Amino acid sequence: MTVTLDRAYWLGLLVSVVLPVLVGLVTTRVTSAGTKAVLLLALSTANGLVVEIANPGPAFDLGTAAVLAAVSFATGVLAHFGLYKPVGLAGKAQDSLITASSAPRSV
């Protein structure tokens with residue numbers, strides 16, 4: 001028995017690994033962990049739906065999209081706590097964008 005994954009699944013997995021960095025880019029250090037988790041869950045759900053839509057299978061399957069969303073969320077959480085947070089990339093992503101509160105004020 002051979003298992004093959006379409007290109008859409010591989011792309012979805014790659015996006016799942018990058019999602020925590022995206023969450024870090026659009027949030028600040030003072031954003032609550034719960035808000036960041038909900039944002040990651042929403043992006044993971046969107047990723048699962050897009051992958052299932054992009055899959056050249058016979059038809060859209062909501063169950064498969066839900067499983068893909070769960071895998072995407074788990075992969076994102078594992079990437080954040082296992083890779084990005086220990087090496088400091090999570091903090092650097094949050095410091096990279098200028099927010100309204102950190103922008104210099106004009107007189």
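Modeller: One term before we start: contact here means heavy atoms within 4.5 Å. Also keep in mind that this is a predicted model.

Colleague: Fine. Take Thr 75, then: which residues is Thr 75 in contact with, leaving aside its neighbours within four places in sequence?

Modeller: Leu 13, Ser 16 and Val 17 are in contact with Thr 75 once those neighbours are set aside.

Colleague: And where does Thr 75 sit?

Modeller: Thr 75 is part of helix α3.

Colleague: Buried or exposed?

Modeller: Thr 75 has 19% relative accessibility, and buried means under 20%, so Thr 75 counts as buried.

Colleague: Back up a bit. What is the secondary structure of the protein chain?

Modeller: The protein chain has four helices and zero strands. Read from the N terminus, the order is α-α-α-α.

Colleague: How do α1 and α3 cross?

Modeller: Helix α1 covers residues 7–26 and helix α3 covers residues 62–87; their axes come within 8 Å and cross at roughly 45 degrees. That angle is why α1 is described as oblique to α3. The crossing of α1 past α3 is right-handed.

Colleague: Which residues make the contact?

Modeller: On the α1 side they are Tyr 9, Leu 13, Ser 16, Val 17, Val 18, Leu 19, Pro 20 and Val 21. On the α3 side they are Thr 64, Leu 68, Ser 72, Thr 75, Gly 76, Ala 79, His 80 and Tyr 84.

Colleague: How many of those are nonpolar, polar or charged?

Modeller: The contact of α1 with α3 has 10 nonpolar residues, six polar ones and no charged ones.

Colleague: Different topic. Where is Val 30?

Modeller: Val 30 is in the loop that runs between α1 and α2, the latter being residues 33–54. At 79% relative accessibility, Val 30 counts as exposed.

Colleague: What separates the C-alpha atoms of Val 30 and Gln 94?

Modeller: A distance of 9.8 Å, with the two residues 64 apart along the chain.

Colleague: What about contacts across the protein chain as a whole?

Modeller: Taking contacts between residues at least 6 apart in sequence, 65% join residues at least 24 apart.

Colleague: Last one. How much of the chain is buried, and what does the accessible surface come to?

Modeller: Of the 107 residues in the protein chain, 25% are buried. The accessible surface comes to about 7,300 Å², and carbon and sulfur atoms account for 71% of that surface.

Terms used. Residues are numbered from 1 along each chain as its sequence is written. This is a predicted model: local features need pLDDT of at least 70, side-chain atom pairs count only at pLDDT 80 or more; totals for chains, interfaces and linings use all residues. Side-chain values use heavy atoms; hydrogens and water are left out. Helices (H or I, at least four residues) and strands (E, at least two) are DSSP runs, numbered from the N terminus. Buried means under 20% relative accessible area, exposed over 50%, partly exposed in between (1.4 Å probe, protein chains only). Accessible areas come from the Shrake-Rupley method with a 1.4 Å probe; for residues, only the protein chains shown count as cover. Axes are lines fitted to C-alpha atoms, for helices over the stretch in contact, and angles run from 0 to 180 degrees between N-to-C directions. Angles under 35 degrees count as roughly parallel, over 145 as roughly antiparallel, 65 to 115 as roughly perpendicular and the rest as oblique. A crossing is left-handed if the near helix is turned anticlockwise from the far one by less than a right angle, and right-handed if clockwise. Ala, Val, Leu, Ile, Met, Phe, Trp, Tyr, Cys and Pro count as nonpolar, Asp, Glu, Lys and Arg as charged, and the others, Gly among them, as polar.
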